[in-house]
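Please open the model in your viewer and keep the sequence panel beside it.

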Amino acid sequence: LDYNRYHLSYKFAVRNLLIKDIITTDTEYQSVLGISFEWFKYSPLHISPFTFRLKTEFDTPLETQPVQLDGHFNMTGSIGYRFKNRYIFALAYDIDRMNYPNLNEENSTIVPNSFTVYWLDLELIYFHTNFNLGLTVSHLLNSKNSGEDQSAENRAESDFTGQSYNLKLRYYLQDRFFDQFQAWMGLQYRYYNINRKNSGADTKITSRNYIYHFGIYF
């Protein structure tokens, strides 16, 4: 009565970061080593309209300027409601790793920063025969400085606040190979804008992420 589908893919990302603080830093880099795994559980016979999804992703850049940034990690768990056989409305909890370069203090140098960010997601997904399209709107719940360098906290007067918008297109190829395995491709655009009040200049981060997936599902 229940159906489990697993997606495994190679992930490639192009990330653009604009950080406005004591100085403005604009950097773009590519994450060429990445992997994504997703477990999707639902009832194709409509015994239950509820769905469950758990997704884990990781990607890392080879080199970034002006400082080396850590790899990007993301984990999302969601519960959805399927209606009219074509749509899923879901509520998700998203744990994201945000990495950015910044001049945290005056008379210092640019350093890598790493924060674990917790989002509350509202997602709408449309299903077609061989593709699906999803839109996610996220609200930042909390964040924690998880990097080795903690100098960003010296001027902080509040936690980060912000929103994120995520548009995803996934296309399923029709030809099967190796019996039960089937190929798919994915395009994703994620934009987020977050802010934090500091003593002196505030931190404002705008990020545009273009993500590509090439994978299989079974």
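**A stop in a loop: Asn 85**

Select Asn 85, which counts as partly exposed because its relative accessibility is 38%, where buried means under 20% relative accessible area, exposed over 50% and partly exposed in between, with a 1.4 Å probe and protein chains only. Asn 85 sits in the loop between β4 and β5 (87–102), and although Asn 85 is not a glycine, its phi is positive, at about 65°. Most residues other than glycine have a negative phi, and most peptide bonds are trans.

Before going on, note that this is a predicted model, in which local features need pLDDT of at least 70 and side-chain atom pairs count only at pLDDT 80 or more, while totals for chains, interfaces and linings use all residues. Residues are numbered from 1 along each chain as its sequence is written, and side-chain values use heavy atoms, with hydrogens and water left out.

**Onward to Asn 107**

Next, select Asn 107 in the loop between β5 and β6 (111–127). Asn 107 is a residue other than glycine with a positive phi, near 60°, and with 85% relative accessibility it counts as exposed.

**Back to Pro 66**

Now select Gln 65 together with Pro 66, and look along the backbone between them: the peptide bond from Gln 65 to Pro 66 is cis, with omega near 5°. Pro 66 is placed in the loop between β3 (50–61) and β4 (72–83).

**The whole chain**

Finally, clear the selection and colour by secondary structure: the protein has 10 strands and zero helices, with helices (H or I, at least four residues) and strands (E, at least two) taken as DSSP runs numbered from the N terminus. The radius of gyration, taken over C-alpha atoms, is 19 Å, close to the 17 Å that the globule rule (2.2 Å times the number of residues to the power 0.38) gives for 218 residues, so the protein is as compact as a globular protein of that length. Along the principal axes, its C-alpha atoms fill a box of roughly 65 × 30 × 20 Å.

Switch to a surface view, and colour by burial: 46% of the 218 residues count as buried. Of the contacts (heavy atoms within 4.5 Å) with a separation of 6 or more, 61% come from residues 24 or more positions apart.
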